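Subject: Structure for your review

Dear colleague,

Please find below the structure that I am handing over to you. My notes on what was found in it follow directly after.

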Amino acid sequence: MSAAARPVLAVASECAPLVKTGGLADVVGALPAALASRGWAIRTLLPGYRGVMKALKRPRVAAELPDLLGTPVRLLAATAGGMDLLILDAPALYDRDGSPYLDAQGNDWPDNDLRFAVLNLAAALIAADGIKGWRPEVVHLHDWQAGLTPLYMASAGAAQPCVMTIHNIAFHGLTGAERLKALGLPAEGFTLDGFEYYGHISALKAGLTGAQAITTVSPTYAQELATEDFGMGLDGVIRARAHDLTGILNGIDTDAWDPTRDPVIRRFSAPGGKAANKRALRAEFGLAPAEGPLCVVVSRLSDQKGLDLLLTALPALTERGGQLALLGSGDRRLENAWLNVAAANPGHVGVRIGYDEGLSHRMFAGADAVLVPSRFEPCGLTQMYGLRYGAVPVVARTGGLADTVIHANAAALAVGCATGITHRPNDPRALAQALSQLAALWSDRRAYRRMQRNAMKHPVGWEASAPRYAALYDRLARERMETR
Ligand code: ADP
């Protein structure tokens, strides 16, 4: 990080590799390195979850903070994975087993509103007072867990511009109106133009109405958000702020996901080098040798991901000799449904319930295709892992999936630029057709190899998107200087 780099405070509930439940963590973890060479130095404020506290090496006290909303806290500074971190140590809120959001039974922690309000209040105090001479020029908020920050900044007299990034508009961070006082929120902001949402407090809406700029994680999702079908009740707010919203496509970590250097696979630099990985993957999932393409799914099992649609469409693949290996966890009914499908298709469908980063690498390395049939997908990362590892993505044409995959229609095949297959979202018949098309393409091995080579060459890193974040920070900081 250069000495002249300008300071940004990022506020987030997840950050890979320290704590991750989904793509949000990957992005929060990737941006600091991506922006360091572009003049911006990001410090990331995270909750001191039990797992994070255990992983920190030599944390030091960064600043004394008062009790926040009645909770004793300490602000620690540490570095991890090349990142500059601020950790809010508040054992009463974060020192527990379970995920960042859920208890062991899969229910939301009952005090989630307070847990993230305290994080946001800490961010506001850092922005207002600085830490030992360090003060952010821009504050970057990620999803609803950071959404209350602009309100607390206003109360604390911090005037830096905020960027609010929507990673998934499905999660609003709602809590009851009776919590206004306990969360220290200004009653006058509890209006239609403020953070009120059908009688509730909405942390996401607070961020969307309070931030100077809004971004989301793909250009197509930015357009979709303004529609009733995708805006999840906030499309009106999005339309009102259309001029301040931009879609900036996520990248992936091309060092961690590099088939020529990945330590957990048999390395390869061309599609022909995948064969040993494919054999290993079949063995790992108990799959027999087969004529058709070997497909993988690596996903949260939730309604969003459309894997119930895949249950219906799957025969279009298996009847053509195709196979599926699925790794995922989440919704118990979906977990059971997929375990039943595996039991009914021994040797052709393999299912692993759980979360396993190493296995996911081996799956992309061995797969001929990756399936992502999401109903909506803000950006999606697994189709990009698929591209990089020569596993042709078969994806629903929505959000970032539509922005990253070049569909194998006749025109794309004629000029040889196809990288995958896209289909209409939320339609099992369209998904079945896409699987039939995959099987048909697979039977023309030369055409398929070409598609895999195209996929492996497709740029999936941060080269294109990091300068767009930097330009946004530049503009916001400049506008603030001009209005002072
Ligand atoms: P979302 O954030 O909606 O879950 P993304 O595709 O943006 O979807 O990001 C999901 C991330 O989590 C990817 O890095 C993916 O590989 C990873 N992931 C999801 N489920 C699993 C799993 N069961 N095991 C390993 N990695 C997983």
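In these notes, contact means heavy atoms within 4.5 Å. This is a predicted model, in which local features need pLDDT of at least 70 and side-chain atom pairs count only at pLDDT 80 or more, while totals for chains, interfaces and linings use all residues. Residues are numbered from 1 along each chain as its sequence is written, and side-chain values use heavy atoms, with hydrogens and water left out.

Domains

The domain assignment of the chain gives domain 1 (6-251 + 463-483) and domain 2 (271-457); such bounds come from an automatic or database domain assignment. Taken over C-alpha atoms, the centres of domain 1 and domain 2 are 33 Å apart. Across the boundary, 18 residues of domain 1 are in contact with 17 residues of domain 2.

The ligand

The shell around the ligand draws at least three residues from each of domain 1 and domain 2. There are 17 residues around the ligand, and Gly23, Arg300, Lys305, Gly354 and Tyr385 come nearest; a residue is near a molecule or strand if one of its heavy atoms lies within 4 Å of it. The shell divides into five nonpolar, seven polar and five charged residues. Here Ala, Val, Leu, Ile, Met, Phe, Trp, Tyr, Cys and Pro count as nonpolar, Asp, Glu, Lys and Arg as charged, and the others, Gly among them, as polar.

Four elements, α1 (23-36), β13 (294-301), β14 (323-330) and α15 (382-388), each supply at least two residues of this shell. Which of the elements gives the most to the shell around the ligand? That is β13, with three residues. Helices (H or I, at least four residues) and strands (E, at least two) are DSSP runs, numbered from the N terminus.

- A polar side-chain atom of lysine 20 lies 2.9 Å from an oxygen atom of the ligand.
- A polar backbone atom of aspartate 356 is 3.0 Å from a nitrogen atom of the ligand.
- A backbone N or O atom of leucine 381 lies 2.9 Å from an oxygen atom of the ligand.

On its own, the ligand has 560 Å² of accessible area, and the protein covers 92% of this. Accessible areas come from the Shrake-Rupley method with a 1.4 Å probe; for residues, only the protein chains shown count as cover.

Threonine 382 is found in helix α15. At 16% relative accessibility, threonine 382 counts as buried, a word that means under 20% relative accessible area, with exposed over 50% and partly exposed in between (1.4 Å probe, protein chains only). Neighbours within four places in sequence aside, threonine 382 is in contact with Val298, Phe364, Val370 and Val372.

Tyrosine 389 lies in the loop between α15 and β17 (392-396). Its relative accessibility is 0%, so tyrosine 389 counts as buried. Leaving aside neighbours within four places in sequence, tyrosine 389 is in contact with Ala256, Trp257, Asp258, Pro259, Asp262, Ile265, Phe268, Lys274, His361, Phe364, Ala365 and Met456. Although tyrosine 389 and lysine 274 are 115 residues apart along the chain, their C-alpha atoms are separated by 8.6 Å.

Threonine 422 lies in strand β18 (residues 421-423) and is buried, with a relative accessible area of 8%. The side chain of threonine 422 makes a polar contact with the side chain of arginine 397 (3.2 Å). A polar contact is a pair of N or O atoms within 3.5 Å; within protein, one must be able to donate a hydrogen and the other to accept it, and residues adjacent in sequence count only if both atoms are side-chain atoms. Not counting residues up to four places away in sequence, threonine 422 touches Val395, Arg397, Val405 and His407.

Phenylalanine 230 is found in helix α8 (residues 228-231). With the same exclusion of residues up to four places away in sequence, phenylalanine 230 touches Ile169, Glu224, Leu225, Arg375, Phe376 and Thr398.

Helices α5 and α6

Helix α6 (residues 203-210) is mostly covered, with six of its eight residues buried. The partners of these buried residues include α5 (149-156), β7 (162-166) and α9 (235-240). In α5, the buried residues are Thr149, Pro150, Leu151, Tyr152 and Met153. Just after α5, glycine 157 takes a positive phi of about 75°.

With kind regards
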